[in-house]
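Please read the following briefing alongside the sequence and the model.

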Amino acid sequence: MDQAAHAPDASRLESFQRDGYVCERPLYSAAQIDDLNAEIARFIRDVVPTMPAAQVYYEDKSDKTSLKQIQAMFEYDGYFRDLMENGPARRIAEEVLQDEVVPVNMQYFNKPAGIGQPTPPHQDGYYFHLSPCEAVTGWLALEEVDDENGCIHYVRGSHRADGFRPHGQTGVLGFSQGMTDFGTADDRAGEVAFPGPAGTFLMHHAKTIHWAGANRSQSRTRRALGFIYYAKKAKVDQAAKNAYQARLDARLKGESKI
Ligand SMILES: O=C(O)CCC(=O)C(=O)O
């Protein structure tokens with residue numbers, strides 16, 4: 001990707017600080033998305049079978065075509081490591097956070113046709129365990145996204161509130177924590193949906209409330225790549241984070257979901 005196309009942009013920083021997200025429609029051209037999709041197909045074919053079960057989620061564990069989520073892709077493959085560490089998402093993260101960043105997670109998110117579950121409203125920072133909570137998630141559409149197959153929605157400006165809204169268990173694999181009080185008049189007034197072509201790129205602050213609908217299409221998937229970066233100044237409470245992850249893995253194993 002051409003570096004000059006991603007030079008710092010004052011209006012991007014301003015929108016991020018005001019709204020809690022930015023949107024580039026599109027950041028990647030159709031040809032770049034084709035190349036990326038070919039790399040993802042290779043990763044699913046060659047790398048996924050070598051990964052621990054806890055890093056790969058299926059809507060139905062007995063059906064490999066129902067692949068729903070892959071965690072930590074950049075830790076398993078040079079192509080995805082380079083994309084995470086040197087690609088445009090990192091530069092935009094540094095620009096909007098006004099800090100150096102630490103690449104933390106690269107996730108594949110699919111909502112398989114007909115069975116893809118909704119993504120419950122949540123704030124990523126609730127489970128990041130950071131102080132200060134300065135982190136972002138980038139989200140790249142690998143195909144056209146819209147209301148039917150489950151595009152992302154944000155609550156504009158929600159990152160500016162103090163603390164986090166209450167979260168509780170959702171029963172949705174991959175999004176185990178969801179807000180328990182979502183749907184206030186302010187939430188509804190601030191709601192913005194982000195349909196767009198393949199290559200559409202979103203980046204949100206870790207406190208920005210977001211969600212996505214189910215995939216109601218019987219024929220289209222809804223595939224995306226997520227890029228999580230923490231600001232260098234954000235410190236992780238590693239003990240709290242590990243305990244949270246261990247509880248989550250134990251519960252999912254107990255429920256035979258992973
Ligand atoms: O892909 C989705 O539906 C949700 C992604 C998400 O919640 C995130 O990247 O934080």
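**Helix H7 and its end**

Just after helix H7, Ser256 adopts a positive phi of about 55 degrees; helices (H or I, at least four residues) and strands (E, at least two) are DSSP runs, numbered from the N terminus. This is a predicted model, in which local features need pLDDT of at least 70 and side-chain atom pairs count only at pLDDT 80 or more, while totals for chains, interfaces and linings use all residues. Residues are numbered from 1 along each chain as its sequence is written.

- H7 is hardly covered, since the count of buried residues among its 17 residues is 0; a residue is buried if 20 or more other C-beta atoms, placed from the backbone, lie within 10 Å of its own.

**Confidence**

- The mean pLDDT of the protein (the predictor's confidence in each residue, from 0 to 100) is 94, and 97% of the residues reach 70 or more.
- Over residues 1–5 pLDDT stays under 50, and the model has 2 contacts for them beyond four places in sequence, a contact being a pair of residues whose C-beta atoms, placed from the backbone, lie within 7 Å.
- Where pLDDT is low, the predicted coordinates should not be read in detail.

**Shell around the ligand**

- Phe109, Thr119, Asp124, Thr137, Trp139, His210, Ala212, Ala224 and Gly226 surround the ligand, each with its C-beta atom, placed from the backbone, within 6 Å of it.
- At least two residues of this shell come from each of strand S7 (135–141), strand S13 (210–212) and strand S14 (223–231).

- Beyond four places in sequence, Ala93 is in contact with Val101, Val136, Gly138, Met203 and Tyr229.

- Thr137, in strand S7, is buried, with 24 other C-beta atoms within 10 Å, and among the residues it touches beyond four places in sequence are Asp124, Met203 and Phe227.
- Thr137 and Tyr229 are 92 residues apart in sequence, yet their C-alpha atoms are 6.5 Å apart in space.
- Phe227, in strand S14, is buried with 27 other C-beta atoms within 10 Å, and its contacts beyond four places in sequence include Met84, Ala89 and Met106.

Conventions: A residue is buried if 20 or more other C-beta atoms lie within 10 Å of its own, exposed if 12 or fewer, and partly exposed in between; C-beta atoms are placed from the backbone.
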